[in-house]
Amino acid sequence: MKAKEPIVALLVAAGKGTRLGGPIPKQYQRVGDQPVIAHAIRAMLRCQHIDHVVCAISPDARDLYFQSTDMIRDKRVMPPVDGGDSRAASVRNALRVLATLSPRRVLIHDAARPFISSEAMNALCTANDAAILAEPVVDALWRSQGELAHEPVSRAGLWRAQTPQAFPFEEILAAHQADANSLSPALDDAETYRRAGGDVRLLPGETDNFKITTAADMARAERLIAQERQMEVRTGHGFDVHRFRAGDHVWLCGVKIPHTASLEGHSDADVGLHALADAIYGALGEGDIGTHFPPTDPKWKAAESHVFLTHAAKLLSSRNARLVNADITLLCEAPKIKPHSAMMRERLAQILEVSADRLSVKATTMERMGAIGREEGMGCIATATIELPR
Ligand code: CTP
Ligand code: MG
């Protein structure tokens, strides 16, 4: 299904950037350590739903384009296509080239908007209809006459459109072809789509998803990048073991699994949750489970261990940190972990409020060596990588 009907991202980058000015068009100017267009391409690539990315560029900017993007190795980036005299013409040319891929859906995005979030990308990719990002107008609106405010304009029902704008591919291609000879090219793709009679849904836009247009926007972009850069990455590890006792199930990574024994411990003895919570405490430099939940306190007797991981997650967010990823290895001869690992990931994702693709759960036996090999108990090793403000 995916290979046959890809979702493609089209970046429009053929403009001259006249309002910003400067020696080269705005999309090739650097903000932080990369040109604006490289940030925009990387934002598209961060979205797992995107199968191909293509840029519509001015034919005289080919060298600039290749210089600006040579650090990006992702195979999903296609060779650039020539843009046209208007934004609409640039989009039309690119859509015609993309048609050879028979895409199911296309996200059309201004290369001059480098800060689109993955959440917004996901929402646009998983919808089926035509949908654009937009923010309601919050300022009072005035029509001018010369230098004077002339008459107020109601802001009720007015929206500021952003990109990406997402469409079923065949429909937006047909709309652009039909509008090709229009004397007034549409300002965005929603307008083109509406001219062809389609309905366009408004999805919540994002404050940071602004279009770099003026020098003040460039300065704002620099500030945002500097802020992002001020995060540092840290790693912590956790290790835990529990002894087996008589019983018929074990709790591992928040999932109950039938077994010929149970694990002994103060709480429910979930080695997976304990090791992971310790890894997070470790990365934060905040001690371990025992620091926060003293084993001497009867309150935590028979506690369900998700309480510990939830606490570690709250501690992360209270420090404005976030989990980048965690990798968990359970050590046991039995039970078999593989049949349950997907459910464990889901459960951990739910507790930590992160997406499951940031988590990994695997297992190994001890080749029958040592205490764990003799099935006297089981163990777990976890590593957590976090990002937190400097
Ligand atoms: N664009 C394009 N082809 C054109 C005109 C614009 O691909 N013929 C692209 C721009 O590169 C930009 C997006 O459409 O990513 C939105 O256009 P805008 O912000 O107006 O960019 P410019 O026209 O380059 O800038 P300005 O209007 O300030 O000159
Ligand atoms: Mg323009």
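## Loops and backbone geometry

Helices, of at least four residues, and strands, of at least two, are DSSP runs numbered from the N terminus. In this predicted model, Glu-375 lies in the loop between α12 and β18, the latter covering residues 377-389. Although Glu-375 is not a glycine, its phi is positive, at about 60°, and the residue is partly exposed, with a relative accessible area of 31%.

Another residue with a positive phi is Glu-367, where the value is near 55° and the residue is again other than glycine. Glu-367 is found in the loop that runs between β17 (359-364) and α12 (370-373), and it is exposed, with a relative accessible area of 62%. Most residues other than glycine have a negative phi, and most peptide bonds are trans.

## Cis peptide bonds

The peptide bond that leads from Thr-163 to Pro-164 is cis, with omega near 5°, and Pro-164 is found within a strand, namely β10, which spans residues 159-168.

The bond from Ala-334 to Pro-335 is cis too, its omega being near 0°. Pro-335, however, is placed in a loop, the one between β16 (322-331) and α11 (338-352).

## Nonpolar cores

The largest nonpolar core of the model comprises 50 residues, and Leu-252, Ile-280 and Leu-330 are those with the most contacts inside it. The element that gives the most to this core is helix α8 (residues 271-284), which supplies 10 residues.

When neighbours within four places in sequence are left aside, Ile-280 is in contact with Leu-309, Ala-312, Leu-316, Leu-323, Leu-352 and Ala-384.

Notes. Residues numbered from 1 in each chain as written. Chains lettered and ligands numbered in written order. Predicted model: local features only at pLDDT ≥ 70, side-chain atom pairs only at ≥ 80, totals over all residues. Heavy atoms only, no water. Core = buried A, V, L, I, M, F, W, Y, C linked by side-chain atoms within 4.5 Å. Buried < 20%, exposed > 50% of the residue type's maximum accessible area, 1.4 Å probe, protein only. Contact = heavy atoms within 4.5 Å.
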